Amino acid sequence: MKHTISVLVENEFGVLSRVAGLFSGRGFNIESLSVAPALDPTISRMTIVTTGDDQVLEQITKQLNKLIDTIKIIDFTGQDFIEREMGMIKVTAEEGTRAEVLRIVDIFRAKVVDVTPRSYTIEVTGSPSKIDAVVELLRPMGIKELVRSGPVVLGRGPKVWRNS
Amino acid sequence: MKKTGSQILLECLRLEGVETIFGYPGGTVINIYDDLMDFPIKHILTRHEQAAVHAADGYARATGKVGVAIATSGPGATNTITGIATAYMDSIPMVIITGQVPTPLIGNDAFQEADLIGITRPITKHNYLVKNVKDLARIIKQAFYIARTGRPGPVLVDLPKDVQIATTEFEYPETVELRGYKPTYSGNARQIDNAVKMIMAARKPVLYVGGGVTLSNTSKELMQLAELIQAPVTTTLMAMASFPKKHPLSLGMLGMHGTYYANMAVTNSDLLVAIGARFDDRVTGKIATFAPHAKIIHIDIDPTSIKKNVRVDLPIVGDLKDVLKKLLGKLGEHKEDISALVDTTEGWRQEIDAWKKQHPMSYKHSKTVIKPQYVIEKLRELTRDDAIITTEVGQHQMWTAQFFDFTQPRTFLSSGGLGTMGYGLPSALGAQAAFCDRQVIDISGDGSFQMNSQELATLVQYRLPVKIVILNNNFLGMVRQWQHLFFHNRYSQTCMELPIDFVKLAEAYGATGLQATKPEEVEEVIRKALDTPGPVIMEFKISREENVMPMVPAGAGLNEMVLAS
């Protein structure tokens, strides 16, 4: 089963390797990982998507908590949260396909951010499944290159997670 | 007044109450060693960095204080790895200081550079690379705090040479602020109430006790609990000395080489109370058949230990001292129920006594060859109750666990989790450095002893009168035993074909060497060794193909014990 967790850590040298090393050392999976400073710049916020049964997830959250540099873990399993990912797709756009590519861009409210005579680069934001859908529709046109940010998440509602 | 980084380091050690450190100098710690000459801290120069870390570990296990070791960068630092991993697996509080190349050279493959932060990340509780001398005092304060609090463990501080030379105003912080590190000490009251209910409802309770009892100094509370509810107690290797084996409620050790009655009791129990133990595979055997009828209460300060290997019905996270005291308090409120409990569990204790009579710990005596178990029993007879016993890893370690009757906590130092051959001699060195007047004995095999035998030099140099027992079978005995039982007697690379003259080896270092080849010489050799000042090797030529029994084969259930080979 897929789980999304946010991890607030000290924004310090080597913390990413502690988290990544914990996953590899204990045989846990990382499906995606994104990291950047949080509102408080002394804290980094990681969003990790992982897979495993409940027991594995319990160990993952406990082990993450055990790291001295971990300040807070938020497990979004079973919670109401907003999930957004960004993808950039460099797609072949030649005479026969340019219009179709633009139609797909339009339908998904994506954006063309770079244009050449033979390609478009498209920026698309949304849930990971939306990115999947865009990629699937563009695939027949010829995708040259694809990059995805991995999802970032926030809980719904007025409640916020503080570091104390 | 401004101080250099190396002065600040030593000042911090002094303020932490460190009296003795173990180490080995080198290029990137030469400044620290220079300043050490002006500080009232005793330094013991081992002959290998691995031994320095094991010695600090032995010091920590024997005293309960934080052990401190120091090594230079590169090979000095990588030599500490086995020692650090040993301490990490057994949750031993330690601070390891390693030199590092100057900060501008880090990452350049400089001479004697190794990425110690990267290498030790999975085997330390935490580690630090100090990049600015202004951070040094805070980091040392945090390192000691992290090492000794919560579930203890080793913390490594990697200290570049230029940071040791740089100067700043010294101020030792009074408090530690770590927003990500707040161990849970206080056991949850409702969970403790539930534990009381489960204990009261039990008919076949067993207390399963691990190294946490030693680390939290709760042997007294454990004894009170066991006697109050009259529950049998089985210990892991790590808790060997935390509950006296001669006590009527003692089941001895459980697991792979545990007693028949401990393994039978666990298998038939209806309530298992795990106290500071972590359900290691050498303890549980096959998980599916481990304590199949029991409800499990697991008390531990480390939440990751709970439900890691086995299902748990009632987890209690907290310091054992806090939890056991509260549990005793709550149980004390139900005096009548407890006497009823003691009555209803009488049948269970009788069942266990029958198992004890049926298959006691025993071995075949011999008048012609020395039996290793006999040496251990004699040694116990002739040593004081507070003697500190260390072991290496292998058959001799298991025989010690099985046949030495420990009575006091912190008198048995052994590498339980990592199973490090070569641990015993340097850890004995560390324990003797802490307690110069106590008997300290390393029980060893001929294989393990040779992994750190160079430490004889350290013992002689510092007049540390450690006595060394070598149970010599000219085999790597435990591996040979597995080859005998599971590989059709194909003794691949386990015969130590070159006979070593251990008496001469002792003499080469300026120690005393004694040897026994017949059973009737055993007692005399032990007596003589204990009466001889300074370090002594006692070599016993034992029956070569003796096996450690009983044994639960790896992967089998505790109820599938082999009782004799």
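1. Of the 164 residues in chain A, 26% are buried. Buried here means that 20 or more other C-beta atoms, placed from the backbone, lie within 10 Å of the residue's own. In chain B, 55% of the 565 residues are buried.

2. This is a predicted model: local features need pLDDT of at least 70, side-chain atom pairs count only at pLDDT 80 or more, and totals for chains, interfaces and linings use all residues. Residues are numbered from 1 along each chain as its sequence is written, while chains are lettered from A and ligands numbered from 1 in the order in which they are written.

3. The model has an ipTM of 0.90 and a pTM of 0.96. Mean pLDDT (the predictor's confidence in each residue, from 0 to 100) is 97 in chain B. There, 100% of the residues score at least 70.

4. Chain A holds four helices and nine strands. Helices (H or I, at least four residues) and strands (E, at least two) are DSSP runs, numbered from the N terminus. The order in chain A is β-α-β-β-α-β-β-α-β-β-α-β-β. Its C-alpha atoms fill a box of roughly 55 × 35 × 30 Å along the principal axes.

5. Chain B has 24 helices and 20 strands. Its radius of gyration is 24 Å, close to the 24 Å of the globule rule for 565 residues, so chain B is as compact as a globular protein of that length. The radius is taken over C-alpha atoms; the rule is 2.2 Å times the number of residues to the power 0.38. The C-alpha box of chain B is roughly 70 × 60 × 40 Å along the principal axes.

6. Now the contacts, meaning C-beta atoms, placed from the backbone, within 7 Å. Take pairs at least 6 apart in sequence: in chain A, 74% of these contacts join residues at least 24 apart.

Key: A residue is buried if 20 or more other C-beta atoms lie within 10 Å of its own, exposed if 12 or fewer, and partly exposed in between; C-beta atoms are placed from the backbone. Two residues are in contact if their C-beta atoms, placed from the backbone, lie within 7 Å.
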